[in-house]
Amino acid sequence: MRDMRKYFELGGIVAAVVLIVFGAVAVTMGINGRHTVNKSLKSEYIVGSSDMTPSAIRAEAQKAGIVSSITEWPTKSVADQKIDTGAKARAMAQYMHIHALEATQGFTYAQMGIYTAKPGTPKAELMPGGGTDNSAYAAVDPNTKQPLQNGARQVWVTETALTTALNTSYMADQIGLFGIVVGIALLLTGFGFAILAIGGALRNPATALTFLRRSNPKTPAVPVA
């Protein structure tokens, strides 16, 4: 029974050490990850435009008649601010999404035709957002003699690529924050294991951690005269 108790004590100490090490590593990686995201965003020199406030963008959307096409409104202002954090990158992506809808009159990539439709194109060949997917009804570029690409659709492609990059930065920033939280939880758990294991060992007269016990020599009895 005493040997089993010793194994439990040693196991508790080993578990505590492992948790503390993993916790420290998780916190370090989380901090480094968030620092990398912020540093990368700063190097892009992105600045929010003056209309990137919740009230201003809503007014623009109402004027453009695309309110019904917007499912998520920004709540954070980044007007004239440097985009240097994950939270600001997420807000910037929301504003850019609305800008893209303004440019396409509220239609998304899948609702627009690949090509610019030429005059007189049958309604059956037109996409809801304008343009056509049928090259036979596409306007022709006078220089290349090739079907003319739908400019609004290209705007959506560009905007989507940029917003995806910004949202990825936000996701990486949140993962870094999650790593920090998990790391702190592991550290606290590890210290808790250590306290329980060592505390129990100090109270146990037959312990595997005898080096933690202070010697307590008995005081010799004084003979009675």
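The model is predicted, so local features need pLDDT of at least 70 and side-chain atom pairs count only at pLDDT 80 or more, while totals for chains, interfaces and linings use all residues. Residues are numbered from 1 along each chain as its sequence is written, and side-chain values use heavy atoms, with hydrogens and water left out.

The protein has 4 helices and 0 strands, where helices (H or I, at least four residues) and strands (E, at least two) are DSSP runs numbered from the N terminus. The order of elements from the N terminus is α-α-α-α. Of the 225 residues, 31% count as buried, that is, under 20% relative accessible area, with exposed meaning over 50% and partly exposed in between (1.4 Å probe, protein chains only). Among contacts (heavy atoms within 4.5 Å) with a separation of 6 or more, 64% join residues 24 or more positions apart.

Val-27 illustrates such a pairing across the sequence. Val-27 belongs to helix α1 (residues 2-43) and counts as buried because its relative accessibility is 16%. Leaving aside neighbours within four places in sequence, Val-27 contacts Gly-179, Ile-180, Gly-183, Ile-184 and Leu-187. The C-alpha atoms of Val-27 and Leu-177 are 8.8 Å apart, although 150 residues separate the two in sequence.

Helix α3 is largely enclosed by the rest of the structure, because 13 of its 18 residues are buried. Just after α3, Gln-105 takes a positive phi of about 60°.

Thr-121 lies in the loop between α3 (86-103) and α4 (151-203). Thr-121 counts as buried because its relative accessibility is 11%. Not counting residues up to four places away in sequence, Thr-121 touches Leu-126 and Tyr-137. The side chain of Thr-121 also reaches the backbone oxygen of Tyr-137 at 3.4 Å.

Two arginines lie over aromatic faces, a charge counting as over a ring if NZ of Lys or CZ of Arg is within 6 Å of the ring centre and within 35 degrees of the ring normal. Arg-58 sits over Trp-73 at 4.1 Å from the ring centre, and Arg-153 over Tyr-109 at 3.8 Å.

Technical notes. A polar contact is a pair of N or O atoms within 3.5 Å; within protein, one must be able to donate a hydrogen and the other to accept it, and residues adjacent in sequence count only if both atoms are side-chain atoms.
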